[in-house]
Amino acid sequence: MSSALAGIRVLDLSTPLAEATGRVLADLGAEVIKIEAPQGCEARRTAPCKEGAEDDFDGAFFWRMWGRGKKSVVLDSDSPEELAQLLELVRGADIFIESSTPGELGDKGLGYEALAAINSTLLYLSVT
């Protein structure tokens with residue numbers, strides 16, 4: 001039997017505020033790609049962590065819970081080359097999740113208007 005969201009691709013740029021959003025979509029069968037900065041996403045360092053694992057990339061219980069089922073791609077959106085790679089991923093995505101401070105992604109060229117110009121059918125989900 002097919003999952004409810006099989007064939008749906010999600011780009012997840014959320015902060016810990018909305019990590020659960022991507023997890024729920026992954027549980028429903030979507031392919032969720034977590035876009036992480038070179039130092040890893042904030043959820044990987046959100047307490048609590050298993051004892052002695054504060055520097056372990058997968059040591060945060062928060063990440064183990066809400067990151068499960070997600071793929072991970074490391075891209076630095078401050079790098080023009082890597083921003084171009086991210087925008088290429090947007091072309092093939094169905095859903096874009098973000099939970100940054102309002103206006104922050106717009107300043108980087110990742111606001112709704114910019115992404116809708118690349119992919120007019122993209123569902124842009126902003127959790128604030």
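Is Trp63 buried or exposed? In this predicted model, Trp63 is buried, with a relative accessible area of 8%.

**Strand pairing**

- Strand β1, formed by residues 9-13, pairs with β4 in the parallel sense, and 4 bridges join the two.
- Within this pairing, Leu13 stands opposite Glu98 of β4.
- β1 also pairs with β2 in the parallel sense, again over 4 bridges.
- Asp12 has Lys34 as its bridge partner in β2.
- On the β5 side, β4 pairs in the parallel sense with residues 123-126 over 4 bridges.
- Leu123 of β5 stands opposite Ile95.

**Burial in the strands**

- Of the 5 residues of β1, 4 are buried, so this strand is largely enclosed by the rest of the structure.
- Strand β4 comprises residues 95-98, and its side chains point two ways: Ile95 and Ile97 one way, Phe96 and Glu98 the other.
- All of these β4 residues are buried, Glu98 included.
- Tyr124 belongs to strand β5 and is buried because its relative accessible area, 16%, lies under the 20% cut-off.
- Tyr124 and Ser79 are 45 residues apart in sequence, and their C-alpha atoms are 22 Å apart in space.

**Helix α3**

- Helix α3 runs over residues 80-91, which makes 12 residues.
- At 1.5 Å a residue, α3 should span 16 Å; the C-alpha atoms at its ends are 17 Å apart, which agrees.
- Leu83, Leu86, Leu87 and Val90 are the buried residues of α3.

**The largest pocket**

- The largest pocket holds about 430 Å³ of space.
- Its lining consists of 23 residues, and those nearest the centre of the pocket are Leu13, Ile35, Ala37, Ser100 and Lys108.
- By class, the lining comprises 9 nonpolar, 6 polar and 8 charged residues.
- Both β2 (31-36) and α4 (104-107) supply at least two residues of the lining.
- β2 gives the most to the lining, with 3 residues.
- Leu13, one of the residues nearest the centre of the pocket, is also the residue that stands opposite Glu98 in β4.

**Residues in loops**

- Leu17 is placed in the loop between β1 and α1 (19-27).
- Leu17 is exposed because its relative accessible area of 56% is over the 50% cut-off.
- Between Leu17 and Ser100 there are 83 residues of separation in sequence, and the C-alpha to C-alpha distance is 8.8 Å.
- Ser100 is also among the residues nearest the centre of the largest pocket.
- Asn119 is placed in the loop between α5 (112-118) and β5.
- In contrast to the exposed Leu17, Asn119 counts as buried, at 7% relative accessibility.
- Asn119 and Glu88 are 31 residues apart along the chain, with their C-alpha atoms separated by 9.9 Å.

- Trp63 counts as buried because its relative accessible area of 8% falls under the 20% cut-off.
- Trp63 and Ser14 are 49 residues apart along the chain, and 12 Å separates their C-alpha atoms.

How values were computed:
Residues numbered from 1 in each chain as written. Predicted model: local features only at pLDDT ≥ 70, side-chain atom pairs only at ≥ 80, totals over all residues. Heavy atoms only, no water. Buried < 20%, exposed > 50% of the residue type's maximum accessible area, 1.4 Å probe, protein only. Pairing = 2+ DSSP bridges. 1 Å grid on protein atoms, 1.4 Å probe; cavity = no way out; pocket = protein on both sides within 12 Å on 5 of 7 lines; lining within 4 Å. Points joined across faces, edges and corners; volume = space filled by probe spheres on them. Nonpolar A, V, L, I, M, F, W, Y, C, P; charged D, E, K, R; others polar. Expected span 1.5 Å × (residues − 1).
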